[in-house]
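User: Please walk me through this one, a piece at a time.
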Amino acid sequence: MKVIALTLFFIIVMYFQMKNLIKNKDWKELFVYSLLMGVGILYSYGIVLGWELPNPTIFLNKLYKPFYDYIFESLLAKKGLSKNFHLYFPSVSFFIQGLLTSHI
């Protein structure tokens, strides 16, 4: 029953989203939308069917780690703020560190 409901949901969403993209001949946007929607559909079916799926935050941590290191170790170290960054911008610092260390 969940698979049928999920399938109907995706068909309805994709119909309304893709209708205008095809009508306007936005082929690049249609390709990107289809790619992202395909990943979302596969992941959704995996959750509903109980598949063993990888945690997407691990990929995001690996993706953003070089940016985090560059910002906090290179740019802020030159200004002497890297060690005390959490004192100046606590919410931003904890948010970024949470993204890089969370393994939900």
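User: Which side chain does the side chain of Asn 55 make a polar contact with?
Analyst: In this predicted model, where local features need pLDDT of at least 70, side-chain atom pairs pLDDT 80 or more, and totals for chains, interfaces and linings use all residues, the partner is the side chain of Thr 57, at 2.9 Å (N or O atoms within 3.5 Å, a donor and an acceptor). Residues are numbered from 1 along each chain, and side-chain values use heavy atoms, leaving out hydrogens and water.

User: Where does Asn 55 lie?
Analyst: Asn 55 lies in the loop that runs between α2 (27-49) and α3 (56-78), helices being DSSP runs of H or I with at least four residues.

User: Buried or exposed?
Analyst: Asn 55 is buried, because its relative accessible area is 19% (buried is under 20%, exposed over 50%, partly exposed in between).

User: Switching topic, at what angle do α1 and α2 pack?
Analyst: Helix α1, residues 2-23, packs against α2 at about 175°, and their axes, which are lines fitted to C-alpha atoms, are 11 Å apart. That angle makes α1 roughly antiparallel to α2 (over 145 degrees).

User: How many aromatic pairs are there?
Analyst: There are three aromatic pairs, counted when ring centres lie within 6.5 Å. One of them is Tyr 15 with Phe 16, whose centres are 5.1 Å apart and whose planes meet at 70°, so the pair is edge-to-face (over 60 degrees; under 30 is stacked, the rest tilted). The rings of Tyr 64 and Phe 67 have centres 6.2 Å apart and planes at 50°, so that pair is tilted.

User: Where do Tyr 64 and Phe 67 lie?
Analyst: Both lie in helix α3, three residues apart, which is about one turn of the helix, and Tyr 64 is partly exposed at 45% relative accessibility.

Technical notes: Helices (H or I, at least four residues) and strands (E, at least two) are DSSP runs, numbered from the N terminus. Buried means under 20% relative accessible area, exposed over 50%, partly exposed in between (1.4 Å probe, protein chains only). Axes are lines fitted to C-alpha atoms, for helices over the stretch in contact, and angles run from 0 to 180 degrees between N-to-C directions. Angles under 35 degrees count as roughly parallel, over 145 as roughly antiparallel, 65 to 115 as roughly perpendicular and the rest as oblique. Rings of Phe, Tyr and Trp (its six-membered ring) pair if their centres lie within 6.5 Å; planes under 30 degrees apart count as stacked, over 60 as edge-to-face and the rest as tilted.
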